[in-house]
Amino acid sequence: MVWLNKLLRILFYCGLLGLTVLVSFYFYIQDELPDEASIRDVQFQIPMKIYTADGELISQFGEKRRNPLLYEEIPPQLMEAIIATEDSRFYEHFGFDPIGIVRAAFVSITKGRAAQGASTITQQLARNVFLTFDKTIIRKVKELYIALHLEQILTKKEIITLYLNKIYFGNRAYGIGAAAQVYYDKPINELTLPQLALIAGLPKAPSSYNPVRNPAKAKWRRNVVLGRMFTVGAIDEATYKEAIEAPITAKLHGANITAHAPYVAEEVRKEMVERYGKEKAYTEGFKVYTTIDAKTQKAAQIALRNNIFAYDERHGYRGATLTLWSEEETDSTTSANASWSLEKIDQRLSRLKQFNELMPAVVTNTTEQTAYVQLKGNQFDVIEWDNLSWARAYISDDKQGPAPKLASDILVPGAQIWVRKLEDGRLRLSQIPSVTSSIVALDPNNGDIKALVGGYNFVGNQYNRVTQAKRQIGSNIKPFIYSAALENGFTLSSLINDAPINKWDKNLGTAWRPKNSPENYDGPTRVRRGLAQSKNVMSVRLMRSLGIQKTVDHLTKFGFAESDLPKNESLSLGSASLTPISVVTAMSAFANGGYLVKANLIDHVTDASEKNVFQATKYIAREPSQLEPLDALTDDNVEVTEDSVESFALDAPRVISRENAFLVADAMNSTVWGGGTWSKGNGWNGTAWRAQTLKRRDLSGKTGTTNRAVDTWFTGFTPKLVATTWVGFDAPGRPLGRTAYNSNLGDGHIYGAESGAKTALPGWVDFMSRVLPDIPVTYREIPEGVVSVRIDRETGLLSRKTDYTTRFEYFKKGTEPDKYAENSRPVNIDDEEDFIAEEEELF
């Protein structure tokens, strides 16, 4: 019995020594153990998500993909799969599992290798949340103590929920919610048992068992999980046998983007990083709700691309990317190039990426007026003549080759080309555009940006031409010049001499000879027509009458920086370089009755708990009033934190009178609809007559073209929406050129020198044609301070006539003419009825 006493004594002292060591370790690391507050406030590092105003996902930013779930949202089968595989005694142990450790050690000894892990789910959670992955004794001891600590503070439900939301599943997916989206593009509750089992098997070795790169290993691991579930009774034998036969269907899926707006996303990202810092912005689960309307944004994207392609096509085809057959060795017997096999073509295409909507293709054959092409994935299609015939050869921006007659004039078998699918599903020959463009649209009544497209291809060039590109705006400046004139004694019926100007400039030592474009001059012309037809010399004479500084002072009322406005007469023709966002914001004043709104892209921001942490200040175009804080105007009260910006719906400052805004907007309506009576020989078009296809009488707008058509613009609006389009090259000073008539396309296509009316306006019209059906016709309300009187079209004076030589004109009360035209006389009733009928049709 002596030996037994010795053994017990040894065991006692060993136990005491072990206990002393454990207690000593505890006191050594106790200051490093997380407290209860930090345990319960574990941050999930949730990426920032950006949405449209109507809830469509635009983008997300953050290295880790995560979608936290509540315990009730976790499928029971997944929980059973994880527990059966990772920690079958999860509900029995107290943080670490002595029985599991002994079992793992026994298996390792008998098999000669580490065949089972001994870490519990709680230990894995401790390691993933509070520790590093260093393989040291002190780290392992810390893991043990933190696991015990977690079990004392959290329930088993809280532990398993936290574990399933924090653990890494590969491919940047943290948590089961993100894993379901990354591998199956579905919410977790829609996954099948084999899919759940595959996800449950990933935490052990996410890289080795990656189902995309290693589907065989992933299937083996999935079946191990299913076997454990069967062993512990979580599933029956029939379910097990059926599940292990299921194929691996996992694929990599990005964020489920439903609204394509990369330039918007980047603007929001920059603002959020500036406001919160990159780390906080990317990891705290912010949801940023923009002012963008998903349908309007899509319309802008389509219109911009259609317009760019239209410009690119009318300037000619720059040829195939490559001619593949010529890369093959020549057949020595026939001295002819051997064509590629379909398999080899597919291999070639599989290595090429799509460029926006442009798809790579290879021409396999041509007939008289048809090209046959092969696409990726061994798909085959045809390009019909009406989608080929535009492709006369590009020679320069000003010159194109003759119109092609046959498909072989354009393409040959073996040509590697770009094609795009039209809205009707047919293929059209295409090419990567060299020109670029931008579109921005906002609500003129509160500044909310409804659509923003900063260029053709964000991936290729992240430069945002809406917010960053200062370009000369040409005649888009004229509404502001005319507004200044109306503030200083001129009216819409005032006559300005539309005649050439030849002035010696002392500073330049040369003559200043501004010209109309085209160089047509009509002599004394009313202000309304001068603006509608963009008469350059009239704008110069108006500014000369006002004085340069007075004009500049008036333009700064619209938000333009004085430093951006040249203090010489060239300002009257648009020599100022301005961004599209500044132009569209300024032009809103004419649409909303004279108020300067602030352009808003972010509406509000919520944190991970859905609490509102930021709300944009809105400047509302309305008369001064006692407005409530914006949160009181919404359905849900906004909770404002100390880090947020308290927000109010503020009155936008009035910068011009309601009368001035109305008169300019009405004159800009003539830019679209013109004036006069065509059947009587005095009808005329405004520069934006192409917008008449929209059949909307509430439209106003202004074209803009700079010298040599380097920049082309169109800004137009209804009382509910204002939009600006710009088209040009990024290369400074490169003109947009001109095109010759293409007999293949007929009289309906655009040709001649590029301009705001031919180049920018069609994109605006395309955009508006897609959004205006949802915007009711809204005519401008005539201010109380405006009167309408009948004037003589030629002299601008009052008229007693009621025929086609007269029209009703608007005036600020007190500025209407007080004299009658000398030729003013009544006309017979037949002429009057004829005129009234045509006037009702026109105005």
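Visitor: Which residues in α3 meet α9?
Guide: Q77, L78, A81, I82 and E86 in α3 meet L193, L196 and A200 in α9, where contact means heavy atoms within 4.5 Å. This is a predicted model: local features need pLDDT of at least 70, side-chain atom pairs count only at 80 or more, and totals for chains, interfaces and linings use all residues. Residues are numbered from 1 along each chain as its sequence is written, and side-chain values use heavy atoms, leaving out hydrogens and water.

Visitor: Why is α3 called oblique to α9?
Guide: The axes of α3 (residues 76-86) and α9 (residues 193-200) come within 9 Å and cross at roughly 40°. Angles under 35 degrees count as roughly parallel, over 145 as roughly antiparallel, 65 to 115 as roughly perpendicular and the rest as oblique. Therefore α3 is oblique to α9.

Visitor: What lines the largest cavity?
Guide: Its lining is Y311, D312, H315, R318, Y394, D397, S434, F729 and R734. The space inside is about 40 Å³, a volume being the space filled by probe spheres set on the grid points, which are joined across faces, edges and corners.

Visitor: What makes a space a cavity and not a pocket?
Guide: On a 1 Å grid over the protein atoms alone, a 1.4 Å probe fits in a cavity but cannot get out, whereas a pocket is an open set with protein on both sides within 12 Å along at least five of seven lines; lining residues have an atom within 4 Å of a point. The count here is 1 cavity of 30 Å³ or more. The second largest pocket has a volume of about 1,200 Å³.

Notes: Axes fitted to C-alpha atoms, helices over the stretch in contact; angles between N-to-C directions. Helix = DSSP H or I, 4+ residues; strand = E, 2+ residues; numbered from the N terminus.
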